[in-house]
Amino acid sequence: MSDPVPPRAEIVVDLAAVRHNVRLLKDVVRGERPVALMAVVKADGYGHGMVEVAAAARAAGADWLGVATIEEALALRAAGDRGPLLCWLSAPGDDFAAAVAADVEVTAYSLEELEEIAAVGPARVQLKVDTGLSRGGAARQDWHDLFAVASDLEREGRIRVTGIWSHFAASDDPAHPANDAQEAAFRDALALAASAGLEPDVTHLANSAATLLRPSSHFDLVRCGIATYGLDPAPGAGSDDGPRAALRPAMTARARLVMSKAIAAGDGVSYGHTWHAPDDTTVGLVPAGYGDGVPRAAGNVAAVWVDDALRPIRGRVCMDQVVVDLGGELPPPGTEVVLFGPGDRGEPTAQDWAEAVDTISYEIVTRVGGRFVRRHIDTDAPGGASERTAR
Ligand SMILES: *Cc1c(COP(=O)(O)O)cnc(C)c1O
């Protein structure tokens, strides 16, 4: 990943990795029964660039795209996407009319939302049932009325119920009892919907972890977010030499070293002197900080990759910069510093950062940004890592 004048700090997204992951996930669900794949590209494609990732996912065979908000869905349409597209998080007053006009399928959690959507119909609506996450979706005691009203509205030609779906609370922990309970509750909901006369095109429950770990939850469609980006959705579920191990992380965050210099034993490093050099050493200045989404919690616990070696962050992460221990080496300014990447060269991964700062890889890749310049490459394109797009 070299280019003539790299910016101070950049995020490089390999769209070939996205396509690889989408093909791999399609293989996972390829069985005797057709199961469609939705690539979830909300939150700017988990920080990878929504429009670029969406196009790559479609090219690799993603049947559906999924986003949270109507605005995200409309941005995909504005960028030229024309395929099946679902959004699922609306606030009162959101522009359902624009979504319907753009052939975006919307999700209703409640009778109020259903009425709001029907008012701008005829709309293609999916119904979300809460099977135990206790987040969005209709509570069990409201399923009957939601299905009954949806069925009436469908008969009146004001909506068409195209899907019924739900979302797992603990699919990254395959032994968690909530998984069986939620899947059973979902089957109850589908039976109730059928008795109300609903015949949705798709029923769906699985996110990335359930796609990879729970085939019984695949139904007609699986919604894969994090795995699309090549990150393991269930790092605590034991090691795996199957599809989870074959995922390819798409994002690399890297910067150019600003300076390196010697410090003496006893010297304190960065704000508050939370680290003192036990011995004479050298330190390097990396020009990215919490203002760019580098977690402040990474101070003294995470590491970066400089000149083929892991170099620990010393002291606090600052707004614009971090200091790393170069162990006596004095690499020149401009030397590549990889914060995280696919791990192929030994560099840390987003998962390594997540473990260091007690979060999940989702948050690492979604938050990194700020003044990082993001560009997209395609390592499968003729000529190798050629640049495709920049922002
Ligand atoms: C974000 C999201 C997903 C994707 O989850 P992953 O764990 O990233 O695969 C799927 N469904 C819904 C409703 C979501 O909000």
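This is a predicted model: local features need pLDDT of at least 70, side-chain atom pairs count only at pLDDT 80 or more; totals for chains, interfaces and linings use all residues.
**Helix packing**

| Helix pair | Angle | Axis separation |
|---|---|---|
| α6 (residues 111–118) and α7 (residues 140–155) | about 15 degrees | 10 Å |
| α3 (residues 50–59) and α4 (residues 70–78) | roughly 65 degrees | within 10 Å |

Helices α6 and α7 pack at an angle of about 15 degrees, and because angles under 35 degrees count as roughly parallel, α6 is described as roughly parallel to α7. The crossing of α6 past α7 is right-handed. On the α6 side the contact is made by Leu 111, Leu 114, Glu 115 and Ala 118, while α7 contributes Asp 145, Leu 146, Val 149, Ala 150 and Leu 153. Sorted by class, this contact has seven nonpolar residues, two charged residues and no polar ones.

The axes of α3 and α4 cross at roughly 65 degrees, and the crossing of this pair is right-handed. Here Met 50, Val 51 and Ala 54 of α3 meet Glu 72, Ala 75 and Leu 76 of α4, which by class gives five nonpolar residues, one charged residue and no polar residues.

**Strand β9 and its partners**

Strand β9 covers residues 221–224, with Leu 221 and Arg 223 pointing one way and Val 222 and Cys 224 pointing the other way, and all of these residues are buried. In a regular strand the side chains alternate between the two faces of the sheet. Strand β2 (residues 36–40) pairs with β9 in the parallel sense over four bridges, and within β9 the residue opposite Met 38 is Arg 223. Strand β8 (residues 202–206) also pairs with β9 in the parallel sense, over two bridges, and His 204 stands opposite Leu 221 of β9.

**Ser 361**

Is Ser 361 buried or exposed? Its relative accessibility is 2%, and since buried means under 20%, Ser 361 counts as buried. Ser 361 belongs to helix α12, which spans residues 361–367. When neighbours within four places in sequence are left aside, the residues in contact with Ser 361 are Ile 226, Leu 231, Ala 350, Gln 351 and Ala 354.

Key. Residues are numbered from 1 along each chain as its sequence is written. Side-chain values use heavy atoms; hydrogens and water are left out. Buried means under 20% relative accessible area, exposed over 50%, partly exposed in between (1.4 Å probe, protein chains only). Contact means heavy atoms within 4.5 Å. Axes are lines fitted to C-alpha atoms, for helices over the stretch in contact, and angles run from 0 to 180 degrees between N-to-C directions. Angles under 35 degrees count as roughly parallel, over 145 as roughly antiparallel, 65 to 115 as roughly perpendicular and the rest as oblique. A crossing is left-handed if the near helix is turned anticlockwise from the far one by less than a right angle, and right-handed if clockwise. Ala, Val, Leu, Ile, Met, Phe, Trp, Tyr, Cys and Pro count as nonpolar, Asp, Glu, Lys and Arg as charged, and the others, Gly among them, as polar. Two strands pair if DSSP finds at least two bridges between them.
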